[in-house]
Amino acid sequence: MNGKTIVLRNDLIVDVDLTLLNGAIRVDQDKKIKVISGTGNVPTTLTFNNEKISNACDKMWSEIESNDPLCLLKVLNGTSISQAKSAINFSNGAALYIDASTLTNNYRNIVLSSFYGLYPFNLTDSKISGSYYGMLPPHSTDFLPYSGVEINNVNEVTVGNSLLPSYLNEFKKLRYGIVANASNVNVYNNKFNEIKVNTPFFNLINNSISIAIWTRDGFSTSTSQFINVGNTGVNQKNYFTDCWKGVQVEGSMSTLIKGNEFKNNTGTAHT
């Protein structure tokens with residue numbers, strides 16, 4: 001479908017391959033786009049190519065959702081997603097490929113959950129950002145979007161891609177760039193700018209109010225958990241500039257923070 005503007009007043013269920021190109025989707029309050037496999041477990045791919053997805057009214061819409069491992073979402077070539085409660089909420093190995101696109105002023109931007117292998121996730125040459133008091137109700141009183149990428153109970157996932165320098169992602173003006181709970185995470189080829197709540201009163205109350213990468217353990221003591229932030233390989237460096245904290249690790253886990261660049265941050269790394 002090329003160049004069309006679509007207004008969704010109800011949930012949209014996608015169960016066949018669909019490409020939306022050079023158009024716009026406006027989604028009503030609390031409505032969602034859900035991707036499921038077709039009849040007979042036929043895989044489904046939904047592709048947004050230079051598509052603009054945002055709100056249809058003065059309230060936030062819900063999310064793009066899938067918990068189906070036979071499904072793939074591609075977000076490509078200047079696609080923008082904004083004003084969602086959780087822009088992309090995927091679990092159970094539903095695959096996600098994002099390249100050269102932007103997510104802006106979503107309360108949660110990307111949420112990946114509940115997968116016991118290497119999560120099929122690609123994020124390249126893309127920007128996840130917010131603006132001060134830039135979200136619609138019910139989050140209009142929140143200073144910044146909550147998270148860029150949130151990872152819950154995933155055996156392993158890589159945020160970023162070190163194959164090419166042009167694949168560098170940017171996280172900017174968020175409370176948390178990456179939040180990981182009970183998950184193993186690799187972070188390569190990203191830059192984190194202004195990950196902070198720019199209000200000194202808030203920062204005095206809670207010095208962990210804003211962190212570029214925040215990871216917490218949650219596995220049983222018999223299971224090793226790790227976080228790798230950068231390394232000395234080509235394009236594995238991450239850049240942290242003007243953040244409240246760079247990296248915070250809570251709990252017992254193997255931690256590698258290597259080859260990164262930190263500038264003008266209040267705190268660098270905390271374990």
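Modeller: V185 sits in strand β20, residues 185–187. Strands here are DSSP runs of E with at least two residues, helices are runs of H or I with at least four, and both are numbered from the N terminus. This is a predicted model, in which local features need pLDDT of at least 70, side-chain atom pairs count only at pLDDT 80 or more, and totals for chains, interfaces and linings use all residues. Residues are numbered from 1 along each chain as its sequence is written, and side-chain values use heavy atoms, with hydrogens and water left out.

V185 counts as buried because its relative accessibility is 1%; buried means under 20% relative accessible area, exposed over 50%, and partly exposed in between, with a 1.4 Å probe and protein chains only. What does V185 touch, once its neighbours within four places in sequence are set aside? Its contacts (heavy atoms within 4.5 Å) are I151, V157, V159, A180, F226, I227 and N228. For a distance across the model, take G23: V185 and G23 are 162 residues apart in sequence and 34 Å apart in space, C-alpha to C-alpha.

N228 has a relative accessible area of 17%, so N228 is buried. Leaving out residues up to four places away in sequence, N228 touches V185, N186, V187, Y188 and L256. The strand β20 that holds V185 covers residues 185–187, and N186 and V187 are among the residues that N228 touches.

L112 is in strand β14, and with a relative accessible area of 0% it is buried. L112 and N190 are 78 residues apart in sequence, and their C-alpha atoms lie 18 Å apart in space.

R108 is in strand β14 too, which runs over residues 108–118. Is R108 buried or partly exposed? At 25% relative accessibility, R108 counts as partly exposed. Its contacts outside four places in sequence are A84, K85, S86, A87, Y146, S147 and E150.

Some backbone details follow. N153 is found in strand β17 and has a positive phi of about 55°, although N153 is not a glycine. Its relative accessible area is 38%, so N153 is partly exposed. D242, likewise not a glycine, has a positive phi of about 60°. D242 lies in the loop between β24 (239–241) and β25 (245–250), and its 27% relative accessibility makes it partly exposed. P137 and P138 are joined by a cis peptide bond with omega about 10°. The loop that holds P138 runs between β16 (127–129) and β17 (147–159).

Now the cysteines and the whole chain. A search of the whole structure finds zero disulfides, where a disulfide is a pair of cysteine sulfur atoms within 2.5 Å. C71 is buried at a relative accessible area of 2%, and C243 is buried at 1%.

The chain has one helix and 28 strands, and 51% of its 271 residues count as buried. Among contacts with a separation of 6 or more, 65% come from residues 24 or more positions apart. A compact globule of 271 residues would have a radius of gyration near 18 Å, and the chain, at 18 Å, agrees; the radius is taken over C-alpha atoms, and the globule rule is 2.2 Å times the number of residues to the power 0.38. Along its principal axes the C-alpha trace spans about 45 × 40 × 35 Å.
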